[in-house]
Amino acid sequence: MSTLFLVIAVLLCVSATLNVFTIFRLRQTASAYASLDNGPLPSELPLTVNAATLEFIFGKHYNIVDGAEWATLIPPNSGRVRLGADQEEFDVGMYTDLQCLDTIRAAYVSMRDGARVPSPAAEACLGHIRQAILCTADITLEPAWVVCKDGECPLKSAVATGEFVDHKCRDWVQVRNYVEANQATWGVDALD
């Protein structure tokens, strides 16, 4: 029995040592992610984003071949903002996600139309989008059957589409307004 307690004590000591080491490394990593001039960098926009609801509806906008309509999703300068006393530039995650989705869309259309050259940018974006989806962790329940609304059914099969399902979101229009207001302070020569 005393051997068991000795083994547990050793494991606890090793575990505590590893925890202290991990905390030390995390603090080093956090301090390494700082501006040379401004101190710690922000991790999010200085904005409280309101809740919103989005009813998923497919096929009415953002046709897979309509690059011009897809481009309207991104504000000027790729949705970039400047923050802090030194006006350091940052990309907003939502716009990075949308640009990646557009890159994947364009690669798909290109390959569908016969291109045989793979797109490294699209491959990198798949990883980015995968992580963004996991980060968002949307827990909306989507029926496992086709949902019809007002006599309109997206598909004539037993495949669930998620169409006509409301998802809890954050107000993307509010984010866009913030980004555009931020860019308006840059001056004419700094904009696209």
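To get my bearings, how many helices and how many strands are there in the protein? And then, which residues and elements line the largest pocket?

Author: Happy to! Please keep in mind that this is a predicted model. The protein has five helices and six strands. Read from the N terminus, the elements follow the order α-β-β-β-α-β-β-α-α-β-α. Of the 192 residues in the protein, 20% are buried.

The largest pocket has a volume of about 2,500 Å³. Its lining is made up of 48 residues, and those closest to the centre are Met94, Asp97, Leu98, Thr136 and Trp172. Several elements give two or more residues to this lining: the strands β3 (51–55), β4 (80–83), β5 (88–91) and β6 (166–170), together with the helices α3 (93–112), α4 (120–136) and α5 (172–184). Helix α4 gives the most, with seven residues.

Cysteine 100 in helix α3 and cysteine 125 in helix α4 are 25 residues apart, so the pair links distant parts of the chain. The two cysteines form a disulfide, with an S to S distance of 2.3 Å. The torsion about its S-S bond is about -70°, which means that the disulfide is left-handed. Both cysteine 100 and cysteine 125 are buried, and the count of disulfides comes to one. For other cysteines the picture is as follows: cysteine 135 is exposed, because its relative accessibility of 68% is over 50%, whereas cysteine 169 is partly exposed at 21%.

Valine 165 counts as buried, with a relative accessibility of 9%. In sequence, valine 165 and leucine 141 are 24 residues apart, while their C-alpha atoms are 8.3 Å apart in space.

Tyrosine 62 is placed in the loop between β3 and α2 (67–71). Although tyrosine 62 is not a glycine, it has a positive phi of about 60°. Its relative accessibility is 34%, so tyrosine 62 counts as partly exposed. The ring of tyrosine 62 pairs with that of tryptophan 70: the centres are 5.7 Å apart and the planes meet at 70°, which is over 60 degrees and therefore makes the pair edge-to-face. A search of the whole structure finds one aromatic pair. Tryptophan 70 is buried, with a relative accessible area of 12%.

In the loop between α2 and β4 you will find asparagine 77. Asparagine 77 has a positive phi of about 55°, although it is not a glycine. Asparagine 77 is buried, with a relative accessible area of 12%.

Conventions. Residues are numbered from 1 along each chain as its sequence is written. This is a predicted model: local features need pLDDT of at least 70, side-chain atom pairs count only at pLDDT 80 or more; totals for chains, interfaces and linings use all residues. Side-chain values use heavy atoms; hydrogens and water are left out. On a 1 Å grid over the protein atoms alone, a cavity is a set of points where a 1.4 Å probe fits but cannot get out, and a pocket is an open set with protein on both sides within 12 Å along at least five of seven lines; lining residues have an atom within 4 Å of a point. Grid points are joined across faces, edges and corners, and a volume is the space filled by probe spheres set on the points. Helices (H or I, at least four residues) and strands (E, at least two) are DSSP runs, numbered from the N terminus. Rings of Phe, Tyr and Trp (its six-membered ring) pair if their centres lie within 6.5 Å; planes under 30 degrees apart count as stacked, over 60 as edge-to-face and the rest as tilted. Buried means under 20% relative accessible area, exposed over 50%, partly exposed in between (1.4 Å probe, protein chains only). A disulfide is a pair of cysteine sulfur atoms within 2.5 Å.
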